[in-house]
Amino acid sequence: MAADSAEMVERTAGARQAGPPEGASGPAKLELIGIGKEFHTKRAHTQALSGIDLTIRDGEFVSVIGRSGCGKTTLLRMLAGLLSPSTGQILIEGRSLWNGARVDTSVVSQLGVVFQEANLFPWYSVAENIALPLRLRGDGKAERLARAYELAELVGLGGFERSYPRELSGGMRQRVAIARALSIRPKLLLMDEPFGALDALTRERMNLELQRIALATAATVVFITHDITEAVFLGDRVVHLTPRPGRIRQVKAIEFDRPRGIDVQTEPGFGAIVRDLRHALDEDEGR
Amino acid sequence: MSRERSRKLLPWVSTPLILVVFFALWELFVRVYDVSELVLPGPATVLESLVQVVTDPATWDHARVTATETIAGFLIALVSGVAVGVVLGKVPWLELSLRPMIVASQVVPKVALIPLFVIWFGFGMTSKVIMAAMLAFFPIMLNVQLGVRSVDPGQREVMRSLNSTRWQTFTHLELKSTMPYVFAGMEVGIVLAIIGTIVGEYLGGNEGLGYLVVRTLNELNAPALFATIILLSVLGLLLYFVVNGLKRFFIPWHESVYGQQDANG
């Protein structure tokens with residue numbers, strides 16, 4: 001799964017062509033059909049997102065970038081079942097996430113979400129934090145602890161299972177949050193600027209770790225960020241959202257094989273993609 | 001490392017030192033100015049009296065009465081304070097409609113109500129228990145109310161994204177994150193409960209350490225008065241440390257607990 005996901009991304013999708021690249025063989029994991037979101041307040045009426053169409057295949061890693069205010073967090077909150085879309089449909093493995101303003105809980109329970117803040121529970125140990133989703137689901141204690149230890153190992157926190165969040169650094173806390181999201185073996189992993197609060201060096205290391213974890217678990221990931229390099233480094237595809245209203249401006253396939261080493265960033269092809277995206281994002285500025 | 005250690009040890013050295021200096025100056029002052037024992041007995045005299053007071057079994061009956069009244073009042077305040085605090089914290093319109101009453105009842109000097117309680121409930125323990133409960137109630141209730149509202153929105157979001165039931169959100173998140181506030185209220189509440197009991201005993205009845213203070217005053221027995229005050233302070237300290245110990249046991253994860261342990265510069 002991990003191996004062929006790199007192969008699947010062969011060509012660059014043109015601007016506004018939001019579907020999967022032609023020839024992609026994986027089944028659709030997530031489909032966004034005409035998603036839009038309006039916010040109404042007493043004074044204003046804001047079109048946060050409009051006409052978002054996107055299909056994400058099984059095992060694909062999709063980065064979403066855009067300037068602040070382009071609606072990327074709004075989009076993720078809708079995918080996570082926290083905010084209902086005004087228009088359109090979200091399908092996860094063909095099942096609708098939203099029925100009007102009501103969320104289908106059986107679909108939500110198959111998602112893993114990582115927020116910008118780790119939001120760990122300080123009264124629980126690392127293992128208990130990781131196993132919390134399993135506990136809420138009603139899994140047995142032995143079973144969920146075994147899973148928690150396995151995941152702590154996976155995210156590089158072996159030996160810290162009994163530590164408490166206050167004893168961990170910011171990067172380690174975010175690893176716990178990732179492990180917690182993975183605990184239920186989610187069909188889709190949603191990440192909202194998960195490394196936004198970390199320093200540059202930790203962030204770089206976390207990017208490598210996340211890539212490794214995503215490949216090891218064959219996870220399908222939607223990764224929101226405002227860091228272009230990070231988006232290109234991690235993504236099979238990069239979705240560029242442009243603000244007011246939030247729309248997909250372009251979807252770029254990133255053709256470097258995964259796993260990618262940190263050196264890929266110095267390759268000319270990589271630099272060119274980053275530069276193009278930067279120019280495109282700069283054009284958003286004036287809008 | 002060694003600096004951290006020495007910082008931790010500092011209060012254990014400084015406190016006895018300050019006490020020794022304090023008692024020495026006290027004794028010196030009393031001797032130099034030849035102060036009457038009726039006004040200010042020296043520490044040596046007080047110690048002598050303290051031994052007498054402590055060895056008198058009647059003192060322990062009084063202490064037991066005071067402790068019982070304080071603890072009973074405190075427990076009533078704890079249960080009612082948590083219950084009212086949770087309800088007011090969860091139901092904003094109720095809190096809004098009751099706020100003027102709550103503010104008014106806080107402003108009323110509650111100690112002034114003791115004579116009224118004596119009329120209603122007699123000179124026995126009941127009037128003191130009620131006084132202790134009234135004083136301890138407000139800090140507990142207000143803290144719980146604040147705690148219920150201070151649940152971190154990010155953590156709430158996590159629970160929501162995990163599809164949690166209301167009950168799960170309550171037990172795993174709201175209850176746990178409100179606990180530090182409950183204990184903060186309890187630490188203030190236990191001290192106020194003792195004050196309520198003692199003032200209650202000053203004003204009516206013939207039991208308790210507060211009564212003993214008034215009696216020794218009427219006997220113009222200043223050394224015994226001092227000794228009783230010391231006993232009251234010890235009782236207060238003891239009760240405070242019990243509450244503090246409960247806090248350490250129940251919320252070891254909270255900053256107010258682990259922060260104390262590794263407080264360093």
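A crossing of two helices is left-handed if the near helix is turned anticlockwise from the far one by less than a right angle, and right-handed if clockwise. In chain B, α8(B) passes α9(B) in a right-handed crossing. The model is predicted, so local features need pLDDT of at least 70 and side-chain atom pairs count only at pLDDT 80 or more, while totals for chains, interfaces and linings use all residues. Residues are numbered from 1 along each chain as its sequence is written, chains are lettered from A and ligands numbered from 1 in the order in which they are written, and side-chain values use heavy atoms, with hydrogens and water left out.

**Chain B**

Chain B has eleven helices and zero strands. Helices (H or I, at least four residues) and strands (E, at least two) are DSSP runs, numbered from the N terminus. The C-alpha atoms of chain B fill a box of roughly 75 × 60 × 30 Å along the principal axes.

Helix α3(B) covers residues 57-90, which is 34 residues. The expected span of a helix is 1.5 Å times one less than its number of residues. At the start of α3(B), a side-chain oxygen of B:D56 lies within 3.0 Å of the backbone nitrogen of B:A58.

**Helix pairs**

Axes are lines fitted to C-alpha atoms, for helices over the stretch in contact, and angles run from 0 to 180 degrees between N-to-C directions.

| Pair | Axis distance | Angle |
|---|---|---|
| α3(B) and α8(B) | 8 Å | about 140° |
| α8(B) and α9(B) | 7 Å | about 45° |
| α6(A) and α7(A) | within 11 Å | roughly 20° |

Angles under 35 degrees count as roughly parallel, over 145 as roughly antiparallel, 65 to 115 as roughly perpendicular and the rest as oblique. α3(B) and α8(B) are therefore oblique to each other, and their crossing is right-handed. Contact means heavy atoms within 4.5 Å. In this pair, residues of α3(B) including B:V65, B:F74 and B:L78 meet residues of α8(B) including B:V182, B:M186 and B:I190. The contact of α3(B) with α8(B) divides into nine nonpolar, four polar and four charged residues. Here Ala, Val, Leu, Ile, Met, Phe, Trp, Tyr, Cys and Pro count as nonpolar, Asp, Glu, Lys and Arg as charged, and the others, Gly among them, as polar.

Helix α8(B) also packs on α9(B), residues 209-218, and these two helices are therefore oblique as well. B:I198, B:E201 and B:Y202 in α8(B) meet B:L209, B:G210, B:Y211, B:V213 and B:V214 in α9(B). By class, this contact has six nonpolar, one polar and one charged residues.

In chain A, the angle between α6(A), residues 170-182, and α7(A), residues 200-217, is roughly 20°. That makes α6(A) roughly parallel to α7(A). Their crossing is right-handed. Among the residues that meet are A:R175 and A:I178 in α6(A), and A:M206 and A:E209 in α7(A). The residues of this contact divide into four nonpolar, four polar and three charged.

**Backbone details in chain A**

The peptide bond from A:R258 to A:P259 is cis, with omega near -5°. A:P259 lies in the loop between β12 (247-253) and α9 (268-285) of chain A. A:E93 has a positive phi of about 50°, although A:E93 is not a glycine. The loop between β4 (87-92) and β5 (95-96) of chain A holds A:E93.

How values were computed: Polar contact = N/O pair within 3.5 Å; in protein donor to acceptor, adjacent residues only side chain to side chain.
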